[in-house]
Amino acid sequence: MHVYKLILMGFGSVHQAFVRLLLEKGEILARRYHLAFRVVGAADSRGGVYQPAGLDLKALLGHKGAGQSVTRFPGGDPVPDSLTLARTADYDLLLEASPVNLTDGEPALSCVRAALARGKVAVLANKAPLVLDFGGLHALARERDAGLAFSATVCGGLPVINVGQRDLIAADIHRIEGVFNSTSNYILTRMAAGESYERALAEAQRRGLAETDPSLDVDGWDTANKLVIIANAILGLSVRLDDVEVRGIRELTAAQIARVRAEGRMVRLIARAERSDTGWRLEVRPRQVPLTSFLGGVDLWEMGIVFYTDIFEDLYLKIDERGPTATAAAVLRDVVHLAQLV
Ligand SMILES: NC(=O)c1ccc[n+]([C@@H]2O[C@H](COP(=O)([O-])OP(=O)(O)OC[C@H]3O[C@@H](n4cnc5c(N)ncnc54)[C@H](OP(=O)(O)O)[C@@H]3O)[C@@H](O)[C@H]2O)c1
């Protein structure tokens with residue numbers, strides 16, 4: 001059995017849940033896939049830690065849970081930052097789950113580039129590097145025979161990217177639409193039931209589902225990021241955030257949402273990519289949908305997508321994701337798929 005060495009960029013909700021999965025699922029990973037994983041490094045906002053023999057994961061979770069930075073973890077050597085770890089450590093796979101930075105993607109973008117340039121595998125939960133440089137990262141991965149996977153970036157555990165890239169063989173997709181952001185969906189659903197915007201947002205933050213910067217959720221940028229990744233990865237387009245028309249939910253009032261609900265419809269924040277005679281139109285905005293429709297029924301913490309195709313007709317997928325574990329499981333899914341190719 002081969003032991004794969006991992007480094008974790010960011011050690012917040014997603015990577016802590018990922019480490020718990022490694023602890024819980026180690027036996028299944030060994031038995032079913034003949035794989036074992038050793039976390040040799042981790043980094044958070046204050047620095048990193050490196051231990052070639054493998055970090056004690058239970059102790060690291062306890063240390064972080066006590067409010068300490070990983071860089072002060074006594075079971076390894078301190079490293080100044082995540083990029084130093086990405087450039088210098090001995091590892092097979094780099095996992096990136098630090099906050100989304102749409103300004104320049106840093107430090108995640110440089111970390112992912114460093115891993116790919118060294119011919120390693122990069123597994124992303126962080127959308128920003130892909131949104132800013134989808135083509136460049138893929139070109140670098142091809143040039144260096146490196147691996148790149150990002151199924152966790154679009155709707156966490158929901159296998160949107162896998163289905164779209166692998167399973168819709170020979171399909172002509174002419175429209176994709178979905179509810180991609182569970183924080184704004186939860187807020188809209190709770191507001192339709194009379195709760196305040198502030199209370200609903202606080203609950204999403206408590207569960208570890210909201211983005212570090214909540215404006216990404218409520219102003220539509222997280223949804224738009226996912227639409228850009230889908231458009232590039234599944235529709236074969238070469239688009240950026242500027243190509244998406246984006247409107248969020250912040251301007252909606254509880255009274256407006258409740259009125260729409262009383263008329264048998266729901267307000268959902270909907271992403272849509274639609275092909276017309278003049279090309280593709282990419283849009284994120286609140287829309288009224290019938291309560292009885294698929295997207296009207298994507299409730300609370302759920303996220304869902306519809307692929308409108310020729311030969312598969314209309315394909316509907318949804319997930320009820322109430323914490324970061326399903327996203328961590330998507331990271332694990334990518335890690336297992338790519339480790340088998342290393
Ligand atoms: N949560 C979800 O369900 C979910 C779902 C899909 C995708 N994602 C994506 O996954 C990523 C992580 O999400 P999360 O919920 O785990 O966020 P989080 O709980 O806020 O954790 C972020 C982690 O990144 C660290 N960090 C901040 N700045 C850093 C830097 N300059 N260098 C290295 N590490 C840095 C933070 O350090 P400190 O611990 O010191 O603050 C923290 O450990 C985000 O990009 C998010 O969009 C999350």
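**View 1. The contact between domain 1 and domain 2.** In this predicted model, 17 residues of domain 1 are in contact with 21 residues of domain 2, contact meaning that C-beta atoms, placed from the backbone, lie within 7 Å. On the side of domain 1 that touches domain 2, H5 gives the most, with 4 residues, and the residues of that side divide into 10 nonpolar, 6 polar and 1 charged. Ala, Val, Leu, Ile, Met, Phe, Trp, Tyr, Cys and Pro count as nonpolar, Asp, Glu, Lys and Arg as charged, and the others, Gly among them, as polar. The domain assignment gives domain 1 (2-157 + 325-339) and domain 2 (160-320), with bounds from an automatic or database assignment.

**View 2. The packing of helix H5 on helix H10.** Helix H5 (residues 128-143) and helix H10 (residues 221-233) pack at an angle of about 25 degrees, with their axes 9 Å apart; axes are lines fitted to C-alpha atoms over the stretch in contact, and angles run from 0 to 180 degrees between N-to-C directions. Helices are DSSP runs (H or I, at least four residues) and strands likewise (E, at least two), numbered from the N terminus. H5 and H10 are therefore roughly parallel to each other, a term for angles under 35 degrees. Leu130, Val131 and Phe134 in H5 meet Asn225, Val228, Ile229 and Asn232 in H10.

**Notes.** Residues are numbered from 1 along each chain as its sequence is written. In this predicted model, local features need pLDDT of at least 70 and side-chain atom pairs count only at pLDDT 80 or more, whereas totals for chains, interfaces and linings use all residues.

Terms used: Parallel < 35°, antiparallel > 145°, perpendicular 65-115°, else oblique. Contact = placed C-beta atoms within 7 Å.
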